[in-house]
Amino acid sequence: MNRINKKVPEILLQSLGKIARLPLPIPAQVIEKIDESLTPNMRALRLVLTISEKLLSMGVSARDVVHMMLGITKTYCKQPVHMDISSTLITVSQDRGINREPLTLIRAITLVDVNYQTIQALQTLSREIRYQHIHLSEAEERLEKIINPEKRHPRSLVALSGGALSAGVVVMYGGSLQMALLAMAVGTLSTAAMRLLWRFGVSVFFTQIIMSLCITLIATAVVCVNTKFNLAFNPTLIVIGGIVLLVAGMMIVGAFQDAIDEYYVTANARLLRVLMATGGIVVGVAIGLHIATRLGISFPTTPDRLTLVDNYTQYIGAAVIASAFVIGNHAPFFGTILAGIVGASGWGLFQLLTDAGWDVLLASGAAAAAIGLVATFMSRLWRIPSLAIIGAGIVPLVPGLSLYNGLMGIISQAPSDPGYVVALASLARAVMIGFAVAVGASFGNAIGRPIRSQIRKLFVGIPTTAE
């Protein structure tokens, strides 16, 4: 026991000696912490990214977005900024000189429902930043109020607008009041169900299949009701009225617009989205027709056997379609009236030109050019985005039904069938009409801007808060 006690102090002394021979720790250098606050330059770039993301996600053309955003960076940033849009990706680059690191910001674009009130507010903010040079803090506060929360119409009103659009199609093809009301009911239910599927995260392709299948089955039930109760409802009008809600006619115009502006990657992506969306409709209708055939029921589901009504009723239908289109995209209520007027006028000009012997391509392009020209002036006078006016005016002109008709003919006929070649021709015709409408709308908008600027110099009192 005594020996153990004597060894303890020796062990402690040896340990202390080893510790004394260890090198002393070097004091850590004091590193300056990075401040969490953003520089005004970075805040301006973040503002640009947020505005451009919101606009592009709602289908605004890439060229218009780049033009507006470069105007903002010219106001707030000392160093020039380069902006590139590639399909669903925004890239903002800034070379800040040889003494500072370059900045590159990237943000992805997620497609959302079109909201014309939000587009109008963002365009107004962009113009005031560029021409009135409002303070950066004020611009950030206004942007926050615009997007959180966005002004939207009630879901019930949006669903009813879809029903009104289907009813407008029935009116244009000479359907009765009872047919229009039935189509409105089908369109309202379809719009509500479609938005419900989107909220559940169902992709556009499968949403198109499900909705077109349901619409075709409803038309099959209408045939059964006609047989049992000796009614005269037209199942083809039910299908076409519902399909118009789903066709990607406006997307094909936007895709060609980007191609004209030389944003080819974005244009290709949007064209592929058109093909997938329309292909989903065709698959759904084909499945519905197969089920109907197994039940011993057959009826046509393409608009090639329908004819437009010869009197003024078709203009009422065009006005209803245009008004329903913009109200479904959350346009201001006053814009709904203007949309109906522009839609009926554009369709009337198209019919006038075709009656005068013009080809459908030339007549569609000329009518779209007139709509684009008028939109540049109406957007300033009534503070409505020109995109809403153009969209309302050309929606009766877009070749959505022709695109659907061509794809339906391809899928339902064998390549050796003569009708297969006709379907291919119909598909090519639809693409060319979409191209003509896009070219006409872009040309009318382009020549309208310098004319509007000259008029603005003469009459300074014209409002300049909307694009």
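**Close-up views of a predicted model**

**View 1. Asn 230, an exposed residue between two helices.** At 69% relative accessibility, Asn 230 counts as exposed, because the cut-off for that class is over 50%. The model shown here and in the other views is predicted. Asn 230 sits in the loop that runs between H8 and H9. Its phi is positive, near 60°, in a residue other than glycine.

**View 2. His 133, in the loop between H4 and H5.** Helix H4 covers 116-132, and His 133 is found in the loop that leads from there to H5. His 133 is not a glycine, yet phi is positive at about 55°. The residue is exposed, with a relative accessible area of 54%.

View 3. Asn 148 and Pro 149 are joined by a cis peptide bond. Omega is about -10°. Pro 149 has its place in the loop between H5 and H6.

View 4. Is Glu 150 buried or exposed? At 16% relative accessibility, Glu 150 counts as buried, since the limit is under 20%. Its side chain makes a polar contact with the side chain of Asn 115, at 3.4 Å. Leaving aside residues up to four places away in sequence, Glu 150 touches Lys 54, Asn 115 and Thr 118.

**View 5. Helix H7 and its buried residues.** H7 takes in residues 177-199, 23 residues in total. At 1.5 Å a residue the helix should span 33 Å, and its end C-alpha atoms are 33 Å apart, so the two values agree. Buried residues of H7 include Met 179, Ala 183, Val 186, Met 194 and Leu 197. Gly 187, Thr 188, Ser 190 and Thr 191 are among the buried residues as well. Which helices do the buried residues of H7 pack against? They pack against H6, helix H8 (204-229) and helix H9 (235-246). After H7 comes Gly 201, with a positive phi near 85°.

**View 6. Leu 55 in the largest nonpolar core.** The largest nonpolar core has 115 residues. Leu 47, Ile 51, Leu 55, Met 69, Tyr 76 and Tyr 404 touch the most other members. Not counting residues up to four places away in sequence, Leu 55 touches Val 60, Val 65, Met 68, Met 69, Ile 119 and Leu 122. In soluble globular proteins, nonpolar side chains tend to be buried together.

View 7. The structure holds zero disulfides. Cys 77 counts as buried, at 10% relative accessibility. Cys 224 is partly exposed, with a relative accessible area of 39%.

**View 8. Edge-to-face aromatic pairs.** The count of aromatic pairs comes to three. In one of them, the rings of Phe 205 and Phe 206 have their centres 5.4 Å apart. Their planes stand at 75°, so the pair is edge-to-face. Phe 205 is partly exposed at 26% relative accessibility, and Phe 206 is partly exposed with a relative accessible area of 48%. Phe 256 and Phe 435 also form an edge-to-face pair, 5.3 Å centre to centre with 80° between the planes. This pair links distant parts of the chain, 179 residues apart. Phe 256 belongs to helix H10 (residues 249-260), and Phe 435 to helix H17 (residues 418-458). Phe 256 counts as buried, at 11% relative accessibility. Phe 435 counts as partly exposed, at 35%.

Key: Residues numbered from 1 in each chain as written. Predicted model: local features only at pLDDT ≥ 70, side-chain atom pairs only at ≥ 80, totals over all residues. Heavy atoms only, no water. Buried < 20%, exposed > 50% of the residue type's maximum accessible area, 1.4 Å probe, protein only. Polar contact = N/O pair within 3.5 Å; in protein donor to acceptor, adjacent residues only side chain to side chain. Contact = heavy atoms within 4.5 Å. Helix = DSSP H or I, 4+ residues; strand = E, 2+ residues; numbered from the N terminus. Expected span 1.5 Å × (residues − 1). Disulfide = S-S within 2.5 Å. Core = buried A, V, L, I, M, F, W, Y, C linked by side-chain atoms within 4.5 Å. Phe/Tyr/Trp six-rings, centres within 6.5 Å; stacked < 30°, edge-to-face > 60°.
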